[in-house]
2 protein chains.
Amino acid sequence: MAILIVGSVALDTIEANNKKIKDALGGSAMYSAMSASYFTKTSVVAIVGNDFPCKYIHLLNHHKIDTSGLAVSAGKTFRWMGKYSCNLNQAKTINTKLNVFLDFAPVLSTEHKNSKYLFLANVDPDIQNNVLNLVKKPKLVVLDTMNLWISTKLSKLKSVLKRVDLLLINEDEAKQLSKENNIIKSAKVITKMGPEILVIKRGEFGAMLFHKDNIFSIPSYPLESVEDTTGAGDTFAGGFIGYLSSCNKLTFETLKKAMVYGSIMASFNVESFSLERLSSLTKKEITNRFKMFKKFTEF
Amino acid sequence: MAILIVGSVALDTIEANNKKIKDALGGSAMYSAMSASYFTKTSVVAIVGNDFPCKYIHLLNHHKIDTSGLAVSAGKTFRWMGKYSCNLNQAKTINTKLNVFLDFAPVLSTEHKNSKYLFLANVDPDIQNNVLNLVKKPKLVVLDTMNLWISTKLSKLKSVLKRVDLLLINEDEAKQLSKENNIIKSAKVITKMGPEILVIKRGEFGAMLFHKDNIFSIPSYPLESVEDTTGAGDTFAGGFIGYLSSCNKLTFETLKKAMVYGSIMASFNVESFSLERLSSLTKKEITNRFKMFKKFTEF
């Protein structure tokens with residue numbers, strides 16, 4: 001089943017490991033769409049400025065990502081500038097220029113409105129709510145959010161939460177949202193807010209899945225070299241929902257495998273800057289890493 | 001196969017979760033021995049003062065732990081006072097009084113010298129080296145250490161490392177010892193220092209096992225309530241080596257299961273202060289948690 005992703009497109013300038021890249025492809029919609037594209041037909045709804053390099057559109061289309069929902073607006077593309085020091089888990093934002101992203105008001109085609117799998121990547125909860133009003137009968141709605149919206153738009157965020165099936169969130173954000181310090185207690189509070197399924201991402205320490213009384217916990221894929229962790233969460237989300245939609249079956253078993261695929265896709269992503277590694281994968285590499293993941297964790 | 005544990009015995013005063021206990025049984029030898037006792041015959045070599053409560057000796061003997069190597073010296077037992085604030089992973093030491101532990105010079109009986117499984121819990125590397133000189137033909141020597149010895153007695157510690165089969169160490173300490181920031185790179189550096197097998201403990205985030213080119217990674221057992229994390233690493237070690245000695249077979253398969261048993265024992269331990277929970281377990285509870293661990297991680 002095809003999936004629709006609504007999120008941001010950015011041109012990122014990133015410093016990590018004494019290397020620097022400038023105006024590289026980034027944003028939640030890009031990481032998640034590229035990741036999902038290995039599993040299923042993927043459409044993006046997002047906004048870019050007229051300075052957005054054509055080569056990136058070509059890259060998306062080369063991966064058969066439907067860019068008919070990518071609005072090109074007069075003005076500049078969203079820019080993010082970040083720096084990682086020793087701790088590769090946390091970027092320090094040096095500069096954010098929203099530019100045309102300030103005017104993001106998603107318009108959905110008839111085809112997009114009929115999407116069965118919807119990923120509302122991290123954007124303003126008002127926009128997420130608006131998109132939910134447009135999509136007709138989605139089978140699975142997955143939401144991501146961030147600390148900013150928990151702090152500044154909590155009631156709006158809570159109204160979206162009531163309408164989604166699954167929330168993907170970082171551990172710190174889960175604790176902030178639930179006001180609980182224990183991850184399981186957090187999960188109980190959050191699932192009462194609406195989403196029946198919850199995925200808590202723990203960066204290099206893995207991820208946990210909560211569904212009714214079931215818990216599933218995985219470590220991250222062990223990596224000897226990590227270049228740049230930007231977009232790891234979005235890449236996880238893309239692999240996760242991409243795999244689920246390719247199964248078109250929502251059980252605890254498929255959710256567990258989706259967690260592993262999400263984790264694997266994120267592990268590829270952090271091995272290079274921007275979408276370099278993520279956009280040049282083969283299905284065989286993904287399958288092999290899935291097998292290795294099993295080997296690393298099975299007893 | 002029986003195991004011999006050489007380590008510390010302390011009377012701990014601990015504040016955590018707005019509760020406080022005073023002069024409770026603690027120390028690396030106590031946590032690890034109690035944990036190991038569920039798997040195999042366990043002997044301890046340690047030192048206490050003549051103020052050491054008899055009830056603790058009875059508790060150990062009740063668990064069939066051989067205390068013939070527990071020297072009772074004139075003076076006071078080692079005291080440790082610690083406090084946990086929000087972060088239950090890290091205690092703040094308020095006070096340490098080594099007392100009779102300052103004079104700890106292990107004497108081993110003939111039976112202890114013939115031990116096949118030896119756990120050198122965290123004590124001064126000089127003492128660990130001395131014990132190794134006494135034990136005749138151990139089948140497996142497991143070592144634990146801490147940041148203090150890495151900072152102050154590195155060359156002595158390195159000389160012990162050359163003589164052990166397996167090192168159990170925290171992630172931060174592994175990074176400190178290896179001068180590497182990546183856990184896999186750390187493991188490569190440390191295994192070159194001597195121990196063929198390495199276990200890196202990651203607290204609430206699980207643990208990793210490295211053996212030749214094999215890697216095994218587990219999350220921690222999910223717990224809704226954590227009371228006191230004191231002794232979690234030692235409890236892990238006890239369950240780990242206890243299980244291994246009960247198999248008396250050293251393969252990657254038995255090492256992986258030992259990791260899970262170590263993790264499970266630690267999960268029981270942190271559910272209460274001191275050795276309360278750990279000393280009142282049934283084998284059925286351990287087996288059930290092993291099954292649950294499989295359920296939480298299998299896909």
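This briefing describes strands and a helix in chains A and B of a predicted model. In chain B, nine strands form an open sheet with mixed pairing. In chain A, attention falls on strand β10, residues 166–170, where five of the five residues are buried.

**The sheet of chain B**
- The strand order in this open sheet of chain B is β5-β4-β1-β8-β9-β10-β11-β12-β13.
- Strands β5 (65–73) and β13 (214–218) of chain B stand at the edges with a single partner strand each, so one side of each has no neighbour in the sheet.
- From one strand to the next, the twist averages 15°.
- Strands of a sheet pair through backbone hydrogen bonds, in either a parallel or an antiparallel manner.
- Strands β1 (residues 3–6) and β8 (residues 117–120) of chain B run parallel and are joined by four bridges; B:V6 lies opposite B:L120 of β8(B).

**A helix across the strands of chain B**
- Helix α8 (residues 183–192) of chain B lies across β10 (166–170), β11 (197–201) and β12 (207–211) of that chain.
- This helix runs at about 140° to β11(B).

**Strand β10 of chain A**
- Because five of its five residues are buried, β10 (residues 166–170) of chain A is largely enclosed by the rest of the structure.
- In a regular strand, side chains alternate between the two faces of the sheet.
- In β10(A), A:L166, A:L168 and A:N170 point one way, while A:L167 and A:I169 point the other way.
- Strand β9 (residues 140–144) of chain A pairs with β10(A) in the parallel sense over three bridges, and A:D144 stands opposite A:L168.
- Strand β11 (residues 197–201) of chain A also pairs with β10(A) in the parallel sense, over five bridges; here A:I169 stands opposite A:I200.

Key:
Residues numbered from 1 in each chain as written. Chains lettered and ligands numbered in written order. Predicted model: local features only at pLDDT ≥ 70, side-chain atom pairs only at ≥ 80, totals over all residues. Pairing = 2+ DSSP bridges. Helix = DSSP H or I, 4+ residues; strand = E, 2+ residues; numbered from the N terminus. Axes fitted to C-alpha atoms, helices over the stretch in contact; angles between N-to-C directions. Contact = placed C-beta atoms within 7 Å. Buried ≥ 20, exposed ≤ 12 C-beta atoms within 10 Å, placed from the backbone.
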